[in-house]
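Here are my notes on this model, point by point. Please read them with the structure open.

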Amino acid sequence: MQKEASTEVGADRIEKIDPRFLTTLRDHVHKSLRTAILSGRFAPDERVNERQLAEQLGVSTTPIKEALRQLETEGLVETLPRRGVLIRYNAGWAEEMILARAALESMIAHLAAKRIGKDEARILEEIVVRMNKATEEGIADDLIALNETFHEKIHIASRCQYLSRMIERQQFYDASIRRIIHSDPLERDKALAEHTAIALAIISNDSDRAERVMRDHVVRSGDTYLDIVFKKNEDI
């Protein structure tokens, strides 16, 4: 009886792992691999090894397998018999993602220009002022954060739900790529001019112009991304 009681106490000393932690790990692995692929750290058609990925990330192969399955549904990798998992992301795929994001962002900007409130307009103006200062000072990290906030506030002002969810899958920049882009003074000046034009169009309720300048901005910055990651679009 004492032995059985001891066993029960021993079992109580270790709590079951909360499933939320398992989900977090899986999502973290997926995000890490997705970012690496979208940043061009894997070559198109490169074969990836699950065990090597697990060692590099310091995890078991289980979340790696789960992440790769999810990436396959997104079209970024493909599992082939006797060949393993191959990277399918290339410059052509990236260009399609850029155009999809441009279409979504431009429609969101169109609706934001129609629906923006006074307080939201004031906030957007303040962000542009801060962007101007960060551009002059050349602070890449501040510009990265402000860029994300700028687009986020436009999404909020648009009152979009469906489009905002769709655009989540078109986020392909990571901090390292953004830092490279914003380290170029010419690129910083171009981005500031474009963000200013977008804000003015939305604040003045010019929905057609907001749609056009947002689309042009996303396409141009996307082209810069292609140049950095894929060496002048050689694969397109």
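Predicted model: local features only at pLDDT ≥ 70, side-chain atom pairs only at ≥ 80, totals over all residues.

1. H6 passes H7 in a left-handed crossing. H7 covers residues 140-158. The axes of H6 and H7 lie 10 Å apart, at an angle of about 165 degrees. Angles over 145 degrees count as roughly antiparallel, so H6 and H7 are described that way.

2. Next, the residues behind the H6 and H7 packing. On the H6 side they include Ile-123, Leu-124, Ile-127, Val-128 and Met-131.

3. Which residues of H6 meet H10? They are Ala-121, Leu-124, Glu-125, Val-128, Met-131, Asn-132 and Thr-135. On the H10 side, the residues include Arg-188, Asp-189, Leu-192, His-195 and Ile-202.

4. Is Ile-202 buried or exposed? Its relative accessible area is 0%, and under 20% counts as buried, so Ile-202 is buried. Setting aside residues up to four places away in sequence, Ile-202 touches Ala-109, Ala-112, Ala-113, Ile-116, Leu-124, Ile-154 and Ala-210. Ile-202 and Leu-111 are 91 residues apart along the chain, yet their C-alpha atoms are separated by 8.8 Å.

5. Now the strands. Val-85 is part of strand E3, which runs over residues 84-87. Val-85 has a relative accessible area of 7%, so it is buried. Beyond its neighbours within four places in sequence, Val-85 contacts Glu-46, Arg-47, Val-48, Leu-68, Val-77, Glu-78 and Thr-79. From Val-85 to Arg-69, 16 residues away in sequence, the C-alpha distance is 9.8 Å.

6. Ser-164 is a polar residue to check. Helix H8, residues 162-167, contains Ser-164. Its relative accessible area is 17%, which makes Ser-164 buried. A polar atom of the Ser-164 side chain lies 3.2 Å from the backbone oxygen of Cys-160. Apart from neighbours within four places in sequence, Ser-164 is in contact with Ile-108 and His-155.

7. Finally, the whole chain. The protein has 11 helices and 3 strands. Along the sequence, the order is α-α-β-α-α-β-β-α-α-α-α-α-α-α. Of its 236 residues, 42% are buried. Among contacts with a separation of 6 or more, 74% join residues 24 or more positions apart. The accessible surface comes to about 14100 Å², and carbon and sulfur atoms account for 51% of that surface.

How values were computed:
Residues numbered from 1 in each chain as written. Heavy atoms only, no water. Helix = DSSP H or I, 4+ residues; strand = E, 2+ residues; numbered from the N terminus. Buried < 20%, exposed > 50% of the residue type's maximum accessible area, 1.4 Å probe, protein only. Polar contact = N/O pair within 3.5 Å; in protein donor to acceptor, adjacent residues only side chain to side chain. Contact = heavy atoms within 4.5 Å. Areas by Shrake-Rupley, 256 points an atom, 1.4 Å probe, with all protein chains shown as cover. Axes fitted to C-alpha atoms, helices over the stretch in contact; angles between N-to-C directions. Parallel < 35°, antiparallel > 145°, perpendicular 65-115°, else oblique. Left-handed = near helix turned anticlockwise from the far one by under 90°.
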